[in-house]
Amino acid sequence: MAHENACAEVHVKLSRISFLALASCLALACAPPSGLTVDLKTDYVASDQFAYVRTEVSGAAFTDALVAGTVTTVRARDGYLAGVRVAELPDIGPGTYFVRVSLLTSEDSVLASRVTELRLTTRYSMTTIVSRSCEGVVCPRSGAPLLTECNNGFCVDPTCSPETPDACAETRCASRAECESDPRALSECGSVECTDGVCLVSADSTLCASGERCGAVALTCSGPRDAGMPDSGPPDTGPPDTGPPDTGPPDAGPPDAAPTDAGPLAAPTDLTASADPGGISAMWTASVGASDYTVEISTDAAFTTPVATAAITDTSAILAATRAGRRYYVRVRAVAADGRISAWSDVANAITSIAAPGTPSVTVTIPGSVRSSTSGGWVLAPPSAGTWYYAQGHAASSCTGGAAISYRYQTEYIPGSTINGWTGWMGADAFMVRPNPGYGVRFWAQARCTGPDASSSASGTGTGCRMRSGASC
């Protein structure tokens with residue numbers, strides 16, 4: 001983020017500052033000025049894809065009224081790959097704000113938009129990146145105040161911006177090489193660059209054959225327009241038609257003004273869902289006459305509480321699903337430009353992947369000498385002090401994505417090589433055995449992660465061992 005300090009702006013030599021101006025600055029203690037400027041970078045194509053850029057500022061994630069005087073709209077121009085200033089808002093004071101930058105078509109519909117959350121303490125310049133890599137990516141929009149926004153094709157915290165890279169570090173590209181796997185880089189003439197951590201695409205006609213140009217939107221090569229000479233042959237000089245005119249009476253009936261019945265819009269078919277690193281990937285077959293599609297994702301098949309709903313112009317989408325090992329349900333319906341809406345498609349579902357935890361570390365403790373008439377056997381909790389001689393194995397590992405961790409254990413008495421087989425999976429991170437006095441005990445432990453609908457594979461095996469004397473085995 002580019003912060004500007006008012007005191008740092010006083011670069012004029014003291015000999016050129018009047019005593020009154022200097023006294024005024026000291027009286028105000030050079031208080032931080034207010035104001036906000038917004039720059040836009042995008043690989044959407046101005047004029048071909050969008051005509052205007054609208055900037056809005058809200059104090060509460062667009063659930064309350066916009067901040068007065070902070071809605072600006074400018075006509076699109078060239079240069080957005082390098083960055084163009086789209087708003088200067090000098091009257092905004094300190095506070096927490098949500099800034100929404102939208103690309104508008106010539107019909108004032110929203111082509112794409114991005115919301116950024118920021119805490120304004122002084123004059124501030126921010127950059128918003130709206131990239132084509134976010135087409136079809138649906139990020140959750142429920143919660144307080146806002147859950148996620150799309151950055152470089154992934155759902156991230158809304159504070160993510162080029163000025164706050166730590167908020168989106170895992171989704172940022174670091175070089176052009178990381179962008180070369182982008183599907184747009186595999187098109188006929190798409191040139192992809194890593195700009196401020198985001199892969200942005202542009203048309204490169206040097207990748208086309210001689211005489212061809214690269215289409216800025218489709219990123220395909222095509223030949224030049226036909227510049228041949230018009231037909232300059234002589235006009236048709238045949239005699240005019242001299243037949244009698246048609247003297248029949250005109251049709252005096254009223255014009256037929258009824259609209260053409262376009263019939264019902266068919267629901268999308270062949271819907272499939274599969275686990276994707278970014279959530280759930282959905283694909284379907286297009287409906288004839290559809291202009292776009294409404295996609296819903298939910299954790300229940302009845303869609304009583306959809307996680308997200310979004311409008312998609314393509315026939316595929318990556319739907320954000322952040323809970324590991326959870327089954328998500330997807331459905332889609334078609335929408336026509338004339339307002340017709342189809343029935344919902346059949347429901348598809350998929351379970352998000354769940355990674356195995358790391359190999360647990362195992363520590364073994366032997367509390368002290370106690371009675372020795374009984375040995376062997378598993379116990380769930382330490383016996384009373386002075387009752388039994390026991391050893392405890394403690395395993396430590398962790399899971400991500402809200403998954404719960406469980407463990408299983410195996411032990412060996414030393415000496416004697418009496419091995420108890422693996423226990424079942426359990427939530428306890430510690431387990432105990434009662435060996436004979438004078439023995440040592442070796443513990444093995446494995447961990448796995450469990451979500452609501454699936455579990456990971458077992459981790460690697462950790463081990464630890466301790467002798468009755470307290471020494472390691």
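## Aromatic pairs, stacked charges and a pocket

At 1% relative accessibility, Tyr409 counts as buried (under 20% relative accessible area with a 1.4 Å probe and protein chains only; over 50% is exposed, and in between is partly exposed). The model is predicted, with local features needing pLDDT of at least 70 and side-chain atom pairs pLDDT 80 or more, while totals for chains, interfaces and linings use all residues. Residues are numbered from 1 along each chain as its sequence is written, and side-chain values use heavy atoms, leaving out hydrogens and water.

**Aromatic pairs**

- The whole structure holds four aromatic pairs (Phe, Tyr and six-membered Trp rings with centres within 6.5 Å; planes under 30 degrees apart are stacked, over 60 edge-to-face, the rest tilted).
- Trp284 and Tyr293 make an edge-to-face pair, because their planes meet at 65° with ring centres 5.6 Å apart; both residues are buried.
- Tyr409 and Phe431 are stacked instead, at 5.5 Å centre to centre and 10° between the planes.
- Because Tyr409 lies in strand S26 (residues 404-414) and Phe431 in strand S28 (residues 430-433), this pair ties together parts 22 residues apart in sequence. Strands here are DSSP E runs of at least two residues, numbered from the N terminus.
- Phe431 has a relative accessible area of 6%, so this residue is buried.

**Arginines**

- Arg331 places its charged end over the ring of Trp344, 4.1 Å from the ring centre (for Arg, CZ within 6 Å of the centre and within 35 degrees of the ring normal; for Lys, NZ is used).
- Arg408 does likewise over the ring of Trp422, with its charged end 5.1 Å from the centre.
- Arg114, in strand S7 (residues 110-120), is buried with a relative accessible area of 3%.
- A polar atom of the Arg114 side chain lies 2.8 Å from the backbone oxygen of Cys160.

**The second largest pocket**

- The second largest pocket holds about 210 Å³ of space. A pocket is an open set of points on a 1 Å grid over the protein atoms alone, where a 1.4 Å probe fits, with protein on both sides within 12 Å along at least five of seven lines; its volume is the space filled by probe spheres set on the points.
- It has 15 lining residues, and Asp43, Tyr44, Val45, Ala46 and Leu81 are the closest to its centre (lining means an atom within 4 Å of a point).
- Strand S13 (residues 198-203) gives the largest share of this lining, three residues.
- The lining divides into eight nonpolar, three polar and four charged residues (Asp, Glu, Lys and Arg count as charged; Ala, Val, Leu, Ile, Met, Phe, Trp, Tyr, Cys and Pro as nonpolar; the others, Gly among them, as polar).

Key:
Helix = DSSP H or I, 4+ residues; strand = E, 2+ residues; numbered from the N terminus. Polar contact = N/O pair within 3.5 Å; in protein donor to acceptor, adjacent residues only side chain to side chain.
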